[in-house]
Amino acid sequence: MSEKAPILVLDTNVWLDDAIVWRQGHQSAWDLIAYARHHNIELAYAITAVKDVFYIAERQLKKYAREMQGTLTEAGAAAATDSAWDVADGLNDVATPIGMDAADIWMARKLRGIHNDLEDNLMIAAAERINADYIVTSDIKLIENPHVKAMTAEDMLTHLKLFAA
């Protein structure tokens, strides 16, 4: 790797892919995060993502419990909520939260002309706040946006390995 390891901001969907094994991007997200941790590559996330990760993980885990048991029991719901907390806590174990304030909301609004998604624009603003090198996401519209340096987890892992030699 060159003298400075890149800083990667991981999108909500990548954290969810990492945490929930049946999601399509699970293995790629898992491999990227493991590689980054092993090679001291800084991972970060927009602080707003943690609530989305928690909410979506809890909802998907409750749905899974309901499908497996035929109904969602109180114990199944509690286990899903506990697991969602573990997922949210896991973000802090492996990545740095990027704080946000009114300036980021202003920036997200200004970014509407190049990308019309508030959640993504807040993440872009967070990435700019810390001068991140890349955003890692499975959002094709964000990846295809010429104004944003974004890649899928799989492509980012390939990129990192190519430049590690």
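Which residues does Ala84 touch, not counting residues up to four places away in sequence?

A: In this predicted model, Ala84 touches Phe54, Ala57, Glu58 and Leu61, once residues up to four places away in sequence are left out. Ala84 itself belongs to helix H4, which covers residues 74–94. Its relative accessibility is 0%, so Ala84 counts as buried, the limit being under 20%. Arg112 lies 28 residues from Ala84 along the chain, and the C-alpha atoms of the two are separated by 31 Å.

As for the rings, the structure holds three aromatic pairs. One of them joins Trp15 and Tyr45 in an edge-to-face arrangement, with 6.1 Å centre to centre and 80° between the planes. Because Trp15 lies in helix H1 (residues 12–19) and Tyr45 in strand S2 (residues 42–46), this pair ties together parts that are 30 residues apart in sequence. Trp15 is buried at 2% relative accessibility, and Tyr45 is buried at 1%.

Trp22 and Tyr64 form another aromatic pair, which is stacked: the centres are 4.6 Å apart and the angle between the planes is 20°. Trp22 sits in the loop between H1 and helix H2 (26–38) and Tyr64 in helix H3 (residues 49–69), so the pair ties together parts 42 residues apart in sequence. Trp22 is partly exposed, with a relative accessible area of 41%, and Tyr64 also counts as partly exposed, at 38% relative accessibility.

A ring also takes part in a contact with a charge: the charged end of Lys149 sits over the ring of Tyr134, 4.9 Å from the ring centre.

Conventions. Residues are numbered from 1 along each chain as its sequence is written. This is a predicted model: local features need pLDDT of at least 70, side-chain atom pairs count only at pLDDT 80 or more; totals for chains, interfaces and linings use all residues. Side-chain values use heavy atoms; hydrogens and water are left out. Helices (H or I, at least four residues) and strands (E, at least two) are DSSP runs, numbered from the N terminus. Buried means under 20% relative accessible area, exposed over 50%, partly exposed in between (1.4 Å probe, protein chains only). Contact means heavy atoms within 4.5 Å. Rings of Phe, Tyr and Trp (its six-membered ring) pair if their centres lie within 6.5 Å; planes under 30 degrees apart count as stacked, over 60 as edge-to-face and the rest as tilted. A charge sits over a ring if NZ of Lys or CZ of Arg is within 6 Å of the ring centre and within 35 degrees of the ring normal.
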